[in-house]
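User: I have a model open and want to go through a few parts of it. Can you take my questions as they come?

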Amino acid sequence: MSFKDVKVIGFDADDTLWANEDYFRAAEEAFFDLLEDYMPRHSTARALFSNEINNLPLYGYGIKAFMLSMVETALEIGGKTLPIEVIHKIIEIGRDQLEKPVLLLEGVTETLVALQKHYKLVVVTKGDLLDQERKLDKSGLVSYFHHIEIVSEKRKEDYLKLIKHLDIKPHEFVMIGNSLKSDVLPVLDLGGFGIHVPFHTTWEHEKIDITIENNKFFHADKMEDILNLFIYE
Ligand SMILES: [Mg+2]
């Protein structure tokens, strides 16, 4: 199986082009510290995760949704005695996170430079529109991309819409990302190619335990390794 028909390469953004999950982990730790007098950290972690998942259909992904889930969790745990200072600190944790620098992952720029000469490159990212735009802007990568798609979910139908919009067929599309669940599986399902480039940490919600048997599925330990998969004319 080769990429000879491929016309467009899609890149996930968070934890594929730049580091993101580390900031969430650090923010969570700060939140657990804040509530340590009320509840052990692992119980706070469980309560927060459950609120995040329950809130996904209404709030979507991203930092602002995460902030609201922290507020709700703190109110549940602290009840009516929760000092207003805790809410203030949660807002601070979220605002800090929104202003973090965008740190590109190793080999990203080199890979985009090499591939953009031969393919149309697009970004497919889910999350909060404003925050994803902010990160793209700060990343300095915008000029490498033909199109940027910010979606609220990455399901099969979301990719199909994009593929149609790009005026190509699924087998002419490769998607590259750190999440098997969001970046790879839906595209394979459509008959496209998927390349998994794992990040060192994965959010609980994106974790799946699966062995993929598909000749359009590829794995690369790091971004630069994907260049070995493409043979240019
Ligand atoms: Mg990602």
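**Helix packing and the metal site**

Analyst: Go ahead; bear in mind that this is a predicted model. One place to start is α3, whose buried residues pack against α1, α2 (41–59), α4 (84–98) and α6 (129–139).

User: Which residues of α3 are buried?

Analyst: Ile63, Ala65, Phe66, Met67, Ser69, Met70, Val71, Thr73, Ala74, Ile77 and Gly78.

User: What follows α3?

Analyst: Gly79, with a positive phi near 60 degrees.

User: Back to the packing. How do α1 and α3 cross?

Analyst: Their axes come within 12 Å and cross at roughly 20 degrees. An angle under 35 degrees counts as roughly parallel, so α1 and α3 are roughly parallel to each other. The crossing is right-handed.

User: Which residues make the contact?

Analyst: From α1, Phe24, Ala27, Glu28 and Phe31; from α3, Ile63, Phe66, Met70, Thr73 and Ala74. Of the α3 residues, Ile63, Phe66, Met70, Thr73 and Ala74 are buried.

User: New topic: what coordinates the magnesium ion?

Analyst: Asp12 through OD, Asp14 through O and Asn178 through OD1, at 2.1 to 2.2 Å.

User: How are those donor residues spaced in sequence?

Analyst: The pattern is D-x1-D-x163-N. Asp14 and Asn178 link distant parts of the chain, being 164 residues apart. Asp14 sits in the loop between β1 (8–11) and α1 (21–34), and Asn178 in the loop between β4 (173–177) and α8 (180–190).

User: Are Asp14 and Asn178 buried or exposed?

Analyst: Buried means under 20% relative accessible area. Asp14 has 14% relative accessibility, so it counts as buried. Asn178 is buried as well, with a relative accessible area of 10%.

User: What is the phi of Asp15?

Analyst: Near 65 degrees, a positive value in a residue other than glycine. Most residues other than glycine have a negative phi. Asp15 is in the loop between β1 and α1, and at 5% relative accessibility Asp15 counts as buried.

User: And what about the phi of Asp167?

Analyst: Asp167 has a positive phi of about 60 degrees although it is not a glycine. Asp167 lies in the loop between α7 (156–165) and β4.

User: Is Asp167 buried or exposed?

Analyst: Exposed, with a relative accessible area of 71%. By contrast, Asp15 is buried.

Terms used: Residues are numbered from 1 along each chain as its sequence is written. This is a predicted model: local features need pLDDT of at least 70, side-chain atom pairs count only at pLDDT 80 or more; totals for chains, interfaces and linings use all residues. Side-chain values use heavy atoms; hydrogens and water are left out. Donors are N, O and S atoms within 2.8 Å of the metal (3.2 Å for Na, K and Ca); water is not among the atoms, so sites may look incomplete. Helices (H or I, at least four residues) and strands (E, at least two) are DSSP runs, numbered from the N terminus. Buried means under 20% relative accessible area, exposed over 50%, partly exposed in between (1.4 Å probe, protein chains only). Contact means heavy atoms within 4.5 Å. Axes are lines fitted to C-alpha atoms, for helices over the stretch in contact, and angles run from 0 to 180 degrees between N-to-C directions. Angles under 35 degrees count as roughly parallel, over 145 as roughly antiparallel, 65 to 115 as roughly perpendicular and the rest as oblique. A crossing is left-handed if the near helix is turned anticlockwise from the far one by less than a right angle, and right-handed if clockwise.
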